[in-house]
Amino acid sequence: MPYRFALDRPVYSDLASGKVLLAARGHPAFPIRLASEIFQRCMAVREGSGLTGPVRLGDPCCGAAYHLAVLGLLHRASIRAIIASDIDPDVIPLAEKNLAMLSAAGIDRRREELAAMHREFGKPSHAEALAAADRLRSVVIAQSEPPGVCVFTADALAACDSSHAISAVPVDIVFTDVPYGRHSRWQAQTAECSNPMERLLENLLPALHPGGLVAVVSDKQQKTLHDRYDRIEKFRIGKRMAVILRPNF
Ligand SMILES: C[S@@+](CC[C@H](N)C(=O)[O-])C[C@H]1O[C@@H](n2cnc3c(N)ncnc32)[C@H](O)[C@@H]1O
């Protein structure tokens, strides 16, 4: 897949998962350049439809919200709010902590944690993480107000009605890295769901502002299809498949 937007290859080491930003245990980190490319493709599609200005970005399977936090740091000016949820209550504190780092107070708290680890253990990795936190802090404070952040626990596959949590705060772009591979599986609190992708897309319809887009990353076994969406883009990157969809109502 040729990159169209994330053309340069800056050193992303300050954003590496587990350094300053946190990753959920056992989950491979979402590739930073790919996250940036997909987000910018969505923004370009919006612009092509005459929609400009910062967006509300959502992810109903956010895990530790690592890729959302990366986007918040790389594309702050294009993001006005981030709405993140996951079925697993254990990852929610990580998501909150990662997204808090988009504000000076949050990155300062993380810096303090890293400084304490450095004082206690003095490992070179702690010194590197501390230096990375300082550089990220200067990025954060150079930017305008941090985006609004909302993080909560929700089953994205629960039967959709007007009270479904994921539709409570509509968004302009959903960018979700759904469960696939050896590291994460679809879970559902209610009855078995035979086609999780279809259910997810159905549930996202009321969660989108007019002109809203859904970017889904999965393995190629999961078919990201739904008759109420048009497929705008589809591309493969290694084992991953990325699809950008727009509701056709
Ligand atoms: C690949 S991980 C997402 C990792 C995330 N992109 C990150 O950067 O940290 C997929 C997530 O989907 C969540 N998940 C599985 N079933 C779900 C459901 N029914 N509703 C919401 N989240 C679900 C898992 O708990 C897991 O955190």
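## Ligand shell, domains and helix pairs

The shell of residues around the ligand is made up of 15 nonpolar, five polar and four charged ones. Here Ala, Val, Leu, Ile, Met, Phe, Trp, Tyr, Cys and Pro count as nonpolar, Asp, Glu, Lys and Arg as charged, and the others, Gly among them, as polar. In all, 24 residues surround the ligand, and the closest are Cys61, Gly63, Tyr66, Ala156 and Asp177. To be near a molecule, a residue needs its C-beta atom, placed from the backbone, within 6 Å of it.

Keep in mind that this is a predicted model: local features need pLDDT of at least 70, side-chain atom pairs count only at pLDDT 80 or more, and totals for chains, interfaces and linings use all residues. Residue numbers start from 1 along each chain as its sequence is written.

Now for the domains. Domain 1 covers 31-102 + 146-247, while domain 2 covers 103-145; such bounds come from an automatic or database domain assignment. Their C-alpha centres sit 28 Å apart. Where they touch, six residues of domain 1 are in contact with nine residues of domain 2, contact meaning C-beta atoms, placed from the backbone, within 7 Å. On the domain 1 side, that gives five nonpolar, no polar and one charged residue.

Next, two helix pairs. Helices (H or I, at least four residues) are DSSP runs, numbered from the N terminus. Axes are lines fitted to C-alpha atoms over the stretch in contact, and angles run from 0 to 180 degrees between N-to-C directions.

| Helix pair | Axes come within | Crossing angle |
|---|---|---|
| α1 (residues 32-48) and α2 (residues 66-74) | 10 Å | roughly 70° |
| α4 (residues 104-121) and α5 (residues 124-142) | 9 Å | roughly 165° |

So α1 and α2 are roughly perpendicular to each other (angles of 65 to 115 degrees count as that, and over 145 as roughly antiparallel). Ile32, Ala35, Ser36 and Phe39 of α1 meet His67, Val70, Leu71 and Leu74 of α2. Sorted by class, this contact has six nonpolar, two polar and no charged residues.

The pair α4 and α5 is therefore roughly antiparallel. Among the residues that meet here are Ile107, Leu114 and Phe121 in α4 and Ala129, Leu136 and Val140 in α5. The contact of α4 with α5 splits into 13 nonpolar, two polar and three charged residues.

Key:
Two residues are in contact if their C-beta atoms, placed from the backbone, lie within 7 Å. Angles under 35 degrees count as roughly parallel, over 145 as roughly antiparallel, 65 to 115 as roughly perpendicular and the rest as oblique.
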